[in-house]
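Subject: Structure for handover

Hello,

Please find the structure below, followed by notes on what turned up in it. The notes go residue by residue first and then by chain and interface.

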Amino acid sequence: MPRTEYQLQLKALKSDVLGMSELVLERYETALTALEDKDAELAHDVIDGDDEVNGRYLSLESECIDLLALQQPVAGDLRLVASSFKIITDLERVGDLAVNLSEYALAAERERYPEIDVMRIGREAGWMLEEAMDAYATDDVDRAREIAASDDRLDELCADASEVIVYDLLRTDYGDDIETVVDDVSRLLLTVRDLERVGDHAVNVCARTVYMVENDDELIY
Amino acid sequence: MSTQTDELFGDVDLGWEHLKNRLFLGLIFAASMFGVVMLALLLLDILTDFYVGLTEFNINLVDFLTRSGSRREELAGFQGAIIASVMLVIVTAFLSFFIGVGSAIYLEEYAPKNRLTRLIEANLANLAGVPSIVYGLLALAAFRNGIGLGPIVLVGAIALALLVMPIIIVASQEALRAVPDGVRNGSYATGATKWQTIRRVVLPAAIPGILTGTILALARAIGETAPLLMVGALFVNRVPYGPFDRYSAMPTQIYAWAAEPSQHFIHLAAVGIVVLLTIMLCMNGVAIYLRNKYETEV
Amino acid sequence: MSTQNTDERLISTEVQTGENARANLPDEPVLAARGLDVYYGDDRALDDITIEIPKNKVTAIIGPSGCGKSTFLRSINRMNDQISVCRIDGELTFRGKNVYDDDVDPVALRRKIGQVFQKPNPFPKSIRENVTYGLEVQGKSATDEDVERALRGAALWDEVKDQLDSSGLELSGGQQQRLCIARAIAPDPEVILMDEPTSALDPVAASKIEDLIDELVDEYTVVIVTHNMQQAARISDKTAVFLTGGELVEFDDTATVFENPADGRVEDYITGKFG
């Protein structure tokens with residue numbers, strides 16, 4: 001095949017994006033664990049490691065710019081570069097959300113609302129992102145559409161959880177405890193919202209993958 | 001329909017333009033045909049005499065080609081003349097080819113493109129057009145009278161060599177010029193010297209053109225009469241032994257026979273002309289064949 | 001938007017690319033010019049050129065028509081010597097030695113610095129004779145291995161291995177150009193100069209030659225003049241920009257020149273605002 005160097009560079013781009021997603025997913029898993037076990041050490045690992053994620057993002061952005069400036073990709077190749085450019089932004093955001101989760105883990109003092117399975121929501125969102133990156137890796141548009149559709153389920157879980165929390169707050173009288181309760185509750189609401197955002201970023205990855213392979217922008221917004 | 005055409009293309013009558021086209025074509029065709037017609041008439045005249053010679057005067061072609069010249073018309077043949085002409089051409093080629101091609105290489109590849117070079121080239125072009133008798137006079141003065149050589153083949157060859165050399169030089173220059181510069185640059189860039197470039201690349205590529213030009217020049221030389229007359233190639237009726245022997249070449253033999261009062265001799269001359277023309281035609285044919293064969297390269 | 005320097009890359013890059021590998025090697029100069037001026041009679045074609053061309057990398061020279069790119073190239077292997085009105089001032093060195101010194105023989109120089117021209121110019125000889133020419137003019141005899149090595153190096157062996165005795169002129173344009181490349185590399189030079197080598201070829205043939213240049217640079221230093229900026233962006237490691245008047249305006253890593261040139265005139269030229 002001609003233009004071997006260029007073909008290698010495209011492969012390298014995809015491989016490097018997947019590398020960044022592995023890094024981000026690992027941070028995310030660590031953050032969830034920190035939240036569940038209230039492990040301060042793990043939480044600090046994630047927070048301190050954010051620089052590495054950001055650095056990786058800048059390198060990948062540079063790789064995309066180089067490809068555009070120096071190799072003049074067109075058609076499918078151009079969509080690959082453009083999509084990868086957007087996807088790394090979503091990945092970097094997920095890295096930031098993992099940092100948020102770690103900060104909540106550090107601040108939380110006691111377990112509240114065990115009937116709301118935050119971990120389940122977290123694992124669902126993480127699974128969506130992992131599957132979305134797989135679909136990107138293998139150009140699997142059907143899988144990408146499936147994952148995007150499952151976001152409804154995640155949104156429902158999050159909406160239900162938020163409802164339960166607010167109802168409880170309104171119905172119970174906590175007396176002098178109220179300040180810490182409000183703190184915990186708002187943190188919990190933020191956690192649920194951030195986990196929903198992770199799912200939204202996974203949907204973005206799916207949308208960009210569909211655009212990349214089929215030039216179809218239906219899933220974008 | 002015509003109004004639509006007028007709309008599309010304008011209301012123009014091209015009939016007169018096309019008529020001018022056809023008129024002009026007719027005129028230049030006639031001009032070309034003029035030369036052909038003249039040549040045809042000439043050939044017709046010769047061939048008629050040739051035919052008459054063979055039939056009425058019973059000139060036997062085989063005898064004609066195998067016997068030497070003689071005072072007696074029934075015994076006269078062309079062999080001596082043919083061999084003398086061949087010998088002449090060979091010596092002429094030898095004298096003129098190397099000097100001619102060498103000059104061409106110098107002028108085309110080495111000489112700086114200044115006024116002196118242009119002067120030399122202009123002179124050469126002029127020399128190619130000088131009447132052949134002048135070369136005969138030159139050879140007569142310098143080699144017959146000056147050095148004291150007799151009316152031998154060598155002197156005739158010198159006269160002819162002087163005649164054809166400018167033609168060979170010009171033709172060789174053209175052939176060398178036709179080798180594209182890109183090929184020379186490619187050779188220099190690969191680390192060859194100028195002489196290596198000429199010897200290994202330029203000259204081999206130009207040889208077909210040089211040979212063609214040489215053969216054409218020699219084909220002309222073989223038919224030249226005036227210079228040979230000047231240096232004395234007339235009254236010999238046998239095959240020359242070598243370049244230092246006396247001789248009578250084809251054109252001079254024809255001239256001698258045509259000057260005789262006897263009709264037989266005149267028809268012998270006609271037969272001789274046909275033989276000479278045939279040989280010239282063959283030489284030209286070889287030259288053209290060579291040119292066509294190698295023209296598609298480079 | 002900023003671009004990272006390559007040594008700060010945190011990319012995993014399991015896939016190794018040639019250009020990335022070359023980018024990480026330091027620049028070792030093999031050709032250098034210092035204050036080089038070139039005149040054709042009274043016209044100055046090159047104005048005070050100072051540049052260091054690195055070994056085993058592809059250096060592209062771009063610029064508008066008439067800016068002196070080809071003149072610079074021809075000055076390197078002294079092909080300019082053939083133009084009688086050409087005059088050189090300043091210094092041009094090959095491995096530290098000024099190529100215009102009196103004791104330098106241009107023929108010897110050209111055995112170390114090969115050239116490929118814009119219009120393919122194979123000799124009207126067989127393919128084999130074309131390739132062996134460079135060795136034969138040096139008085140060396142060329143073996144079949146030499147011929148195969150050169151033709152493989154030019155990515156032409158598979159296509160012509162059964163017709164080595166047929167004329168080089170029977171090949172297609174792209175093949176003829178690769179034959180010229182084989183001819184240039186057969187005597188094992190150190191530098192290959194290319195003067196717009198693909199501008200007379202169709203895009204497929206041009207692309208093959210671009211891929212070939214990427215392979216050649218492992219063994220040789222390649223300097224390529226091109227009026228096709230995209231080509232320079234695709235294949236070169238370093239780019240020199242000449243502008244009208246024979247001025248070297250910028251010389252830097254290709255990525256820098258095409259993403260963030262230092263000189264405003266270069267930015268205008270490559271974005272097509274003039275030239």
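Setting aside residues up to four places away in sequence, A:Val141 touches A:Thr209, A:Val210, A:Val213 and A:Glu214. Please keep in mind that this is a predicted model. A:Val141 sits in helix H6 of chain A, which covers residues 141–149. With a relative accessibility of 10%, A:Val141 is classed as buried, because the class takes in values under 20%.

A:Gln71 is buried, at 3% relative accessible area. Its side chain makes a polar contact with the side chain of A:Gln9, at 3.5 Å. Beyond four places in sequence, A:Gln71 has contacts in two chains: A:Arg3, A:Tyr6, A:Gln9 and A:Asp66 in chain A, and C:Glu19 and C:Arg234 in chain C.

Over all chains, the search of the structure gives 39 salt bridges.

C:Glu190 and C:Arg95 form another salt bridge, with 2.7 Å between the closest N and O atoms. Each partner is in a loop: C:Glu190 between helix H7 (173–185) and strand S7 (191–195), and C:Arg95 between strand S4 (86–94) and strand S5 (97–98) of chain C, so the bridge connects parts 95 residues apart in sequence. C:Glu190 is partly exposed at 22% relative accessibility, and C:Arg95 is exposed at 56%.

C:Arg234, already named as a contact of A:Gln71, forms a salt bridge with C:Glu210 at 3.0 Å, N to O. C:Arg234 is in helix H9 of chain C and C:Glu210 in helix H8 (residues 203–216), 24 residues apart, and the pair links distant parts of the chain. Both ends are classed as buried, C:Arg234 at 17% relative accessibility and C:Glu210 at 10%.

**Chain B**

What secondary structure does chain B have? Chain B has 12 helices and zero strands. Its radius of gyration is 25 Å, against the 19 Å that the globule rule gives for 298 residues, so chain B is more spread out than a compact globule. The C-alpha trace of chain B spans about 85 × 65 × 30 Å along its principal axes. Of the 298 residues in chain B, 40% are buried. Among contacts in chain B with a separation of 6 or more, 73% are between residues 24 or more positions apart.

**How the chains meet**

Two pairs of chains touch, and the pair with the most contacts is A and C. Chain A and chain B have no contact; their closest C-alpha atoms lie 28 Å apart.

The contact between chains B and C involves 18 residues from chain B and 20 residues from chain C. The two chains bury about 1600 Å² between them, with 60% of that area on carbon and sulfur atoms. On the chain B side, B:Ala189, B:Thr190 and B:Arg200 lose the most area to chain C, together 36% of what that side buries.

Which salt bridge joins B:Arg200 to chain C? The partner is C:Glu136, with the closest N and O atoms 3.6 Å apart, and the count between chains B and C is one salt bridge. Five residue pairs are in polar contact across this interface. On the side of chain B that touches chain C, the elements giving two or more residues are helix H8 (181–189) and helix H9 (194–221) of chain B. H8(B) gives the largest share, seven residues. By type, that side has seven nonpolar, nine polar and two charged residues.

Regards

Methods
Residues numbered from 1 in each chain as written. Chains lettered and ligands numbered in written order. Predicted model: local features only at pLDDT ≥ 70, side-chain atom pairs only at ≥ 80, totals over all residues. Heavy atoms only, no water. Contact = heavy atoms within 4.5 Å. Buried area = accessible area lost by both parts, 1.4 Å probe. Salt bridge = Lys/Arg side-chain N within 4 Å of Asp/Glu carboxyl O. Polar contact = N/O pair within 3.5 Å; in protein donor to acceptor, adjacent residues only side chain to side chain. Helix = DSSP H or I, 4+ residues; strand = E, 2+ residues; numbered from the N terminus. Nonpolar A, V, L, I, M, F, W, Y, C, P; charged D, E, K, R; others polar. Rg over C-alpha atoms; globule rule 2.2 N^0.38 Å. Buried < 20%, exposed > 50% of the residue type's maximum accessible area, 1.4 Å probe, protein only.
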